[in-house]
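Here's a quick briefing to read with the structure open beside you. Keep the viewer handy and click along as you go.

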Amino acid sequence: MKSTRTLYYSTLGLLGGLCGWTLMQSGFHVFDALSISGITGLNIVWLNKFIYEGALIGLGLGMVLQARVSLWYHHDLVHIMSKIFFGAVVGSATGLFCFGLGHFMQIWHISPILSRLTSWTLLGLFIVGTTEYFRSHSGILLQRIISGGIGGFIGGGIFELLMLYQMSGPEHLYGLVLAGFSISLFIGLYENSVTSFALRVLTGKQEGQIFLLDQNSFTLGYSSQNDFILNGYAEVCNLHAHIYKKDNQLFIENTDADSEVLVNYRQVDQQAMKKGDVIKIGTAQLQYYEI
Amino acid sequence: MFSQIFRNLCACASSVGLIFISVFYSTLLPAAEDAVTESVLNEDDTLLSFTDYLFPETYFLKIDNNPLLTFAASLLLFAVVLLVVYALWYLRKPKVSTLPGAGFKLLNLNEQSSFIPLKAEVQTLEFLTKIQTSQKYRLSANLNRVTLTPHQNTFLVEDKNFKNALLINRRRSHRTILCDNDVLDVGEMILLYCNNDVPAGKIQRTTRMDYQLPVSQVKPKGPVQKGTPILTPAGSQQEILLVRNMNTLGSSNFNDVIITSDEVALIHAKIYKVGQSWKIINLLNHETTTVNGRRIDQRFLKDGDEIAVGDTLFKFSTSKVQTKQVRRLRTETAKKETAKKETAKKETAKKSVKT
């Protein structure tokens with residue numbers, strides 16, 4: 001299950017890179033049309049100066065990285081659209097910033113290779129950082145942001161190598177796609193190494209879904225702001241339970257006084273979970289296990 | 001919803017800030033370009049000239065004047081990418097299995113969700129040892145003494161050997177009716193009982209006494225006369241004869257009809273004879289007795305009435321020969337009563353008109 005998720009994330013990263021590339025292609029034509037229609041100066045020369053490709057790469061990657069968890073857990077489509085929009089805006093801004101900085105570094109006569117690598121690394125760091133920041137209720141994980149940065153660095157390295165051997169394809173297609181792939185692959189690999197507990201839904205509408213526990217704390221409930229959403233069941237309230245890690249053990253805590261959390265059919269307020277425990281939240285039954 | 005809007009507003013605000021920075025860049029960038037070109041011209045800087053030899057472009061992506069794709073093609077490719085993302089989302093939709101009939105599901109980790117169907121006959125749990133699993137589980141040796149008996153739509157589990165490590169819903173029990181989504185622990189095996197015929201929550205299982213019939217009666221001595229009323233609890237063939245002229249219903253042992261339920265008071269209701277017909281009376285104000293779904297205080301009973309005392313349902317009936325007479329009498333009295341009422345109404349109407 002874990003390796004499937006890594007594969008899923010890296011596929012999404014690949015698609016994000018491709019998305020950025022297609023947007024770049026269409027952008028050229030848009031700017032060409034604008035320059036013809038009378039706004040002078042808006043042509044490819046201007047584009048080359050304005051780091052607009054960086055923004056579009058950031059847009060594609062941000063879209064995908066922001067929505068990756070929601071896509072993986074099959075959340076509501078409207079919710080995913082909102083996340084994608086958010087990721088696109090923030091991602092384009094960060095891309096603009098990172099590649100602008102890289103270009104700016106040339107004032108100090110730093111070699112283009114180094115500046116390109118730094119801008120890729122910064123892109124990885126910032127994009128993962130923004131996606132983490134807006135899930136901050138479960139604690140920002142610095143390691144995950146750093147893993148994004150490492151992914152960006154390696155992606156940038158691949159990009160450089162492809163450029164060196166002149167294999168980066170039409171308008172650097174392969175380089176872009178592979179860089180996006182490596183960023184999300186490294187995040188996936190990091191989450192893979194952290195995950196050692198999981199919750200499986202046994203019954204009802206979400207039967208067979210597996211919640212992989214890869215952070216230090218989670219929220220569980222009906223509303224879409226939770227990490228794990230249980231919306232096919234009766235008697236699940238908006239913020240129902242809180243799961244957190246302590247001394248390499250997972251604890252479950254009841255957050256709503258009016259509703260119940262049952263562990264092994266006994267009502268609990270706060271309890272460490274054991275392997276094979278059956279947790280009942282509302283009418284949903286979950287099984288806890290260690291991978 | 002509010003938080004999402006707030007999020008997006010945050011994003012827009014931050015991006016506006018960054019765009020300001022980038023405008024600031026756009027004044028600086030030509031300067032950077034100039035610096036680079038100057039350094040290229042300056043042949044003393046060997047490092048930069050070397051890198052420029054490797055990469056003719058000064059920085060990141062320098063675009064050809066003729067892009068590979070046309071506008072329409074690039075937009076189409078973008079749509080295809082989004083479609084692939086949608087397909088990836090759709091693939092993650094949880095598959096809800098619809099299984100026919102009753103059966104067990106193995107919940108152990110490495111099992112490939114194998115479903116074990118159950119036949120509607122008396123059987124022991126010994127078949128669990130014959131199931132092929134990826135790993136050998138330790139099971140207790142006395143599984144042949146755990147029986148599954150069909151009970152209404154589901155099964156009744158009876159553990160006749162108390163040494164078996166059998167837990168139902170993580171509790172030790174000797175006799176239980178299985179409901180949908182029950183978890184059974186048999187040794188190391190964890191089983192989930194599935195039964196789509198009986199949706200969850202239909203069977204209410206509270207105590208161990210539940211599967212014995214909740215109603216018992218004072219047994220009549222000697223032969224029973226014709227026309228004695230019969231109460232039949234819903235969902236069973238048991239017939240309770242009301243032998244006496246005055247019968248009390250309740251959960252106490254002193255009653256004529258004893259209903260063991262939490263919802264029934266010690267002495268809850270009374271059914272007694274009035275002339276030729278029978279009448280039911282609710283004895284406690286805070287308890288409910290209903291006839292044909294309507295809460296009543298006291299009421300005459302007809303043949304085929306449905307009485308609910310607390311949460312227990314009964315059907316009221318008498319033997320056929322007597323019921324006809326009773327019915328005729330009831331209808332006659334009812335007609336008389338309605339006629340009386342109408343006359344009374346007319347009189348009151350006249351009075352009101354006069355006043």
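Arg244(B) comes out as partly exposed, with a relative accessibility of 46%, where buried means under 20% relative accessible area, exposed over 50% and partly exposed in between (1.4 Å probe, protein chains only). Its salt-bridge partner is Asp256(B), and the closest N and O atoms of the two are 2.4 Å apart. A salt bridge here is a side-chain nitrogen of Lys or Arg within 4 Å of a carboxyl oxygen of Asp or Glu.

Keep in mind that this is a predicted model, where local features need pLDDT of at least 70 and side-chain atom pairs count only at pLDDT 80 or more, while totals for chains, interfaces and linings use all residues. Residues are numbered from 1 along each chain as its sequence is written, chains are lettered from A and ligands numbered from 1 in the order in which they are written, and side-chain values use heavy atoms, with hydrogens and water left out.

- Asp256(B) sits in the loop between β14 (246-250) and β15 (257-259) of chain B and Arg244(B) in the loop between β13 (240-241) and β14, so the pair ties together parts 12 residues apart in sequence. Helices (H or I, at least four residues) and strands (E, at least two) are DSSP runs, numbered from the N terminus.
- Over all chains, the structure holds 9 salt bridges.
- Glu188(B) pairs with Arg138(B), with closest N and O atoms 3.3 Å apart. Glu188(B) is in the loop between β9 (182-186) and β10 (189-195) of chain B and Arg138(B) in the loop between β3 and β4 of chain B, so this pair ties together parts that are 50 residues apart in sequence.
- Glu188(B) is partly exposed at 34% relative accessible area, and Arg138(B) is exposed at 64%.
- In chain A, Asp214(A) bridges to Arg5(A), the closest N and O atoms being 3.0 Å apart. That links distant parts of the chain, 209 residues apart: the loop between β2 (210-213) and β3 (217-221) holds Asp214(A), and helix α1 (residues 2-36) holds Arg5(A).

**Nonpolar cores**

- The largest nonpolar core has 75 residues, and those touching the most other members are Leu220(A), Leu230(A), Ile279(A), Ile281(A) and Leu286(A). Such a core is a set of buried Ala, Val, Leu, Ile, Met, Phe, Trp, Tyr and Cys residues joined through side-chain atoms within 4.5 Å.
- Helix α3 (residues 52-72) of chain A supplies the largest share of this core, with 12 residues.
- A second, separate core has 22 residues, including Ala102(B) and Tyr137(B).

**Sheet in chain B**

- Four strands form an open sheet in the order β3-β4-β5-β8, with antiparallel pairing; strands pair if DSSP finds at least two bridges between them.
- β3 (123-124) and β8 (175-177) stand at the edges with a single partner strand each, so one side of each has no neighbour in the sheet.
- Gln123(B) stands opposite Leu148(B) in β4(B).
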